[in-house]
Amino acid sequence: MARVSAALWRRAWLRAALTLSPPLAWFLVIYLASLVVMLVTAFWTVNPFTNNLQHQLSLTNFAALFDAPIPAIIGRTVLIAALVTVTDAVIAVPFAYFMARVATRRVRNALFVAVLLPLWASYLARVYAWIVILTKDGTLDWTTQHLGLGSPNIAYTNLAMGIVFCYIWLPFMILPVYGALERIPDSYFEASADLGARNSRTLRSVVLPLALPGVVAGSIFTFSLTLGDYITPLLIGSGSGTNLIGNVIYDNIGLANNLPFAAALAIVPIVIMIGYLLGARALGAFEAM
Amino acid sequence: MNYRRFAQLKSWRAAVILAAALPLAIAGWVSGAAASPGATARPSTPGVLTPPTQGMTPQSSIGKGEGQLNLIAWEGYVQPEWVKPFEQQTKCTVKATYAGSSSEMVSLMANGGGGQYDLVSASGDADLRLIYGGDVKPVNIKLIPSWKQLRPFLQSPAFNTINGVHYGISLQFGPNDLLYSTKVFPKPPTSWSVIYSKKYAGRITIPNNPIQIADAALYLSVHEPKLGITDPYELTQPQFNAAVALLKQQKPLVKAYWDLASSEISLFANGEAVVGAAWPYQTGQLQAEGAKVADTIPSEGATGWADSWLLATKAPHPNCAYMWMKYIDTPEVQAEQAVSYGETPDNSLACPLMNKLAKGSCDSLHANEPDAYFKTIKFWKTPLAQCDNGKDNCVPFQDWVTAWTQITG
């Protein structure tokens, strides 16, 4: 035992390797390797009659990604993801600012609970709650009718999907922004005032740039989760004109049993996210993190 | 030592690269080594397919139960109500794997069930894929006495009996009927034209399933006879294009395409949809909630689904499988399952037993109709390139799926 510990003490790299190898093995074997296997599946095809995978490499699935309506679906998904990200950022920044810098301790804790509590409820329960709100003669309809504004009837549309996404991903945007804003020292505000800046200038030049890493971190969540989500379009989408990448992949695995095409389509959000992260890094968003 | 130094070590980088390359190498080796799948049906004569397992002789008697039974089933098909008595009688413990779609069933049954599954409750659109894929094997009908009590047109139907060889036994069936709100339609609609009509724009719902193209084809077979559609599942390219065009015309009128029965139930319960294609199951559920709906089969007829229990080629517990097939087609169990799920039993003697379980269920589930009523139902079967008339120019299911994605977008 003493010889082992002595050998480890002398060879620092061995100590590091032994500590890192279990999580690294998990990461490589279970996470990366499964992604690689999916990538390889995208190059295979399926016998349409017997549903067996043909293990011959071919590019038909990638060519099929350019057939209508797949490009429109990809475009729609990216657009909705971007709109959801922007909307959530606009809602989250004032909310997180209030939580971090204005609220008293008690109010802040209460707000924390308010933000985190929905995450304890099941995802499905929350989506169904929104269906009840948005459906015909639901809460929204009832309210607008009593206000004399008629019946918006927005269930099963892209707008409804966007609203549900904004709601479900909001905690993921609020928390990183809160973290970024909470870290700003009070002295920054004093210094800014001393230099003659009014509140709006301080907000623009001091607070928002420092909040940006938090917004980027939150946006990674909202953007990537929307790119891959399939349950919300399934439940609150109309099945036509509201399909996103996620539920087209789901349909191809279940109904059509075309695993290779589903794998090829699944690579699209991965590529988009890589592009997004590289762009964010180039804009310097990761400097402060 | 600090992390940065460690990360600069060439040996570390080499190890990571090797570890990442290893799965790629394995995958490449697998794809190279694995040949095309084995038992695939090859046409011996053009236009004639032979099921690979046709020559297998089924067992001539049911031996001692193996103590377990593994089923692939639709949800609601393996309820404790009839499973518990079966387990007590036969000492075969039932383990059910639920599948959400026919394609899921086909992929679970790949490789003859893989030695894992015994029976699959497949619908007509999956049966032929399983039979011609060699995943199911012939069944000895003489070992299943209740087979004689099945309705004649379900004893040897085209979706589970090929060349006189049975690959399973028929179970239950149901139509894809027209569900409508009795407030909007005081009298039952007489034609499927209501779901293609601008009058109900934004209030129509149909299933999100490529096999719906057959429904459009069925409608056209009556309203555009010059297309010459006789079988909605065997469409030549021009007939197929006409059906797809009709569905594209319908798309702006559809409120939502439902994936789950519960989604359609919500649509009708909230008043979002007033007419649509459904199963008797949804009607039963909605009426139980007090919704003012009813269903009907319009004059053009309807498509339908008929489920069968098929026997896996590599079934590990064949005796328990035969005991289950014997049991599930008896009148009592047929009545229990029909009332519980909301479908029509294949056993012609189940009707009075259904009324004992739920008054009026025999009528609402149409279990006592004469055979002529069911002749109006065109049961699901997998669209193949080989048409029944021997030609090879029908549109295969893969193209149906692609077309459906383009219709719904």
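Mentor: Helices (H or I, at least four residues) and strands (E, at least two) are DSSP runs, numbered from the N terminus. Ile169(B), for one, sits in strand β6 (residues 168-175) of chain B. Residues count from 1 along each chain as its sequence is written, and chains are lettered from A in the order in which they are written. This is a predicted model, in which local features need pLDDT of at least 70 and side-chain atom pairs count only at pLDDT 80 or more, while totals for chains, interfaces and linings use all residues.

Trainee: Why is Ile169(B) called buried?

Mentor: A residue is buried if 20 or more other C-beta atoms lie within 10 Å of its own, exposed if 12 or fewer, and partly exposed in between, with C-beta atoms placed from the backbone. Ile169(B) has 26 within 10 Å, so Ile169(B) is buried.

Trainee: Which residues does Ile169(B) touch, not counting those up to four places away in sequence?

Mentor: Among them are Val139(B), Trp147(B), Trp309(B) and Met325(B); contact here needs C-beta atoms, placed from the backbone, within 7 Å.

Trainee: Why are α9(B) and α10(B) called oblique to each other?

Mentor: Angles run from 0 to 180 degrees between N-to-C directions, with axes fitted to C-alpha atoms, for helices over the stretch in contact. Under 35 degrees counts as roughly parallel, over 145 as roughly antiparallel, 65 to 115 as roughly perpendicular and the rest as oblique. Helix α9 (residues 261-269) of chain B and helix α10 (residues 280-288) of chain B pack at about 45 degrees, their axes 10 Å apart. The two are therefore oblique.

Trainee: What makes up their contact?

Mentor: α9(B) gives Ala261(B), Glu264(B), Ile265(B), Phe268(B) and Ala269(B), and α10(B) gives Tyr281(B), Gln282(B), Gln285(B) and Leu286(B). They divide into 6 nonpolar, 2 polar and 1 charged, where Ala, Val, Leu, Ile, Met, Phe, Trp, Tyr, Cys and Pro count as nonpolar, Asp, Glu, Lys and Arg as charged, and the others, Gly among them, as polar.

Trainee: What makes β9 and β11 of chain B edge strands?

Mentor: Two strands pair if DSSP finds at least two bridges between them. The open, mixed sheet of 5 strands runs β9-β8-β10-β7-β11 (chain B), and β9 (254-258) and β11 (293-296) each pair on one side only.

Trainee: How many bridges join β8(B) to β9(B)?

Mentor: Strand β8 (residues 204-207) of chain B is joined to β9(B) by 4 bridges, and the two run parallel. With at least two required, they pair. Ile206(B) stands opposite Tyr257(B) in β9(B).

Technical notes: Contact = placed C-beta atoms within 7 Å.
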